[in-house]
Amino acid sequence: MTSKQPSEKLFSSALKPYVTSALGAAYLGDAKELINNVTDNSVDLILTSPPYALFFKKEYGNVDQDKYVDWLLGFASDFRRVLKPTGSFVLNIGGSWTPRQPTRALCHFEIALRLVKECGFHLAQEFFWHNPAKLPAPAEWVTVRRIRVKDAVEMVWWLSKEPFPKADNRKVLQPYSPDMLRLLQRGYKPKQRPSGHTITAKFGDRGGSIPGNMLSLGNNDANGHYLTRCGEMGVKPHPARFPAQLPAFFVEFLTDPNDVVLDPFAGSCTTGEVAENLGRRWLAFEVSKTYLDGAKFRFEAPWDIDRRNQILSAFGQTFSSGDVATEQTTLQFPSKRIAGKVRK
Ligand SMILES: C[S@@+](CC[C@H](N)C(=O)[O-])C[C@H]1O[C@@H](n2cnc3c(N)ncnc32)[C@H](O)[C@@H]1O
């Protein structure tokens, strides 16, 4: 770890970061206060998962459901202020249930509606994060009375400051399906399909398939460096971490190397680790010292191939040993080579 801060201009405070790395810093404290130190129009991507509006409070301090929407919207003007005009705000919010009855609460929809209607954000697109490993909950309705099914999808609202945020889906192309590969090999005669879509003569290999807005990602870091080190050092791991592929998708899709990524509710700093790995500068805020104690493990050596592959496997792409031979290497994605900083 170095003692470098990401940029003098990005964060104007004498406050010492709690965690530092080559490209970023995490600060311990309340995001509401810390964000005041972030320079206007300096951030390319705010990517975060705030504490959810759960009926049963989680250990990391959810506010009550009825106050939740107002609490979260209290951050909106600062988020807009710090974003560049081309910037994006990607907000993951799990759904919640009405207390004591098997009906859904509407907070996660209300938040998106009010961010657009009252706070000036644009809804660039909604994403669905499908987590196949989610436990059946709430138990009363799902496993005891059996009157609801598993809630396996969370919303990810992609909001933007202006209608045309920076974005390039060619950076997140996925491998073609075997059917598509066969079709590309055999060739395709231009014609109108039964759906009415016309396949023109331009049909051909574009380097990979364009992903949809459903991201199917489980929490698969059970043997990862972070958990191993938390176990070794007796630090309590964060109970609600992102799978690294979730931030990786949006960081790749919406930013370029050296851009700035902010996670104001950083938890164990998954977003920071992903940003670091992909050569982006990053800032993180987190109110719990325990979670930032664990986050330090993400930025210590060895920064090895397995850890990087955990992040990149969402793109059907992994590193080989040659890729980590140098300090500054290039990350291979299906369509394109993207410069990224790799630490030995
Ligand atoms: C859902 S967790 C984020 C987990 C994170 N995405 C990860 O992968 O580890 C939300 C985090 O927000 C933190 N938090 C809650 N209120 C906060 C505040 N006012 N300022 C900063 N962090 C806060 C909680 O301590 C919790 O760790």
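Colleague: Leaving aside neighbours within four places in sequence, what is Trp157 in contact with?

Modeller: Leu91, Ala112, Leu123 and Glu126. Contact means that the C-beta atoms, placed from the backbone, lie within 7 Å. Keep in mind that this is a predicted model: local features need pLDDT of at least 70, side-chain atom pairs count only at pLDDT 80 or more, and totals for chains, interfaces and linings use all residues. Residues are numbered from 1 along each chain as its sequence is written.

Colleague: Is Trp157 buried or exposed?

Modeller: Buried, because 21 other C-beta atoms lie within 10 Å. The cut-offs are 20 or more for buried, 12 or fewer for exposed, and partly exposed in between, with C-beta atoms placed from the backbone.

Colleague: Which strand does Trp157 lie in?

Modeller: Strand E6. Strands (E, at least two residues) and helices (H or I, at least four) are DSSP runs, numbered from the N terminus.

Colleague: And how far is the Trp157 C-alpha from that of Phe128?

Modeller: 8.5 Å, with the two residues 29 apart along the chain.

Colleague: Switching to helices. At what angle do H2 and H4 pack?

Modeller: About 25°, with the axes 10 Å apart. H2 covers residues 65-73 and H4 covers 107-117. Axes are lines fitted to C-alpha atoms, for helices over the stretch in contact, and angles run from 0 to 180 degrees between N-to-C directions. H2 and H4 are therefore roughly parallel. The classes are under 35 degrees for roughly parallel, over 145 for roughly antiparallel, 65 to 115 for roughly perpendicular, and oblique for the rest.

Colleague: Which residues make that contact?

Modeller: From H2, Gln65, Tyr68, Val69, Leu72 and Leu73. From H4, Cys107, Glu110, Ile111 and Arg114.

Colleague: Which residues of H4 are buried?

Modeller: His108, Ile111 and Leu115. They sit on the same side of H4, because their arc around the axis is only 55°. That arc is taken from the directions from the helix axis to the C-beta atoms.

Colleague: What covers them?

Modeller: The cover includes H2, helix H3 (76-82), strand E4 (83-93) and strand E6 (153-160).

Colleague: Last one. What about the angle between H8 and H9?

Modeller: H8 (residues 245-254) and H9 (residues 270-277) pack at about 45°, with axes 9 Å apart. That makes H8 oblique to H9.

Colleague: Who meets whom there?

Modeller: Pro247, Ala248 and Val251 in H8 meet Thr270, Thr271, Val274 and Ala275 in H9.

How values were computed: Two residues are in contact if their C-beta atoms, placed from the backbone, lie within 7 Å.
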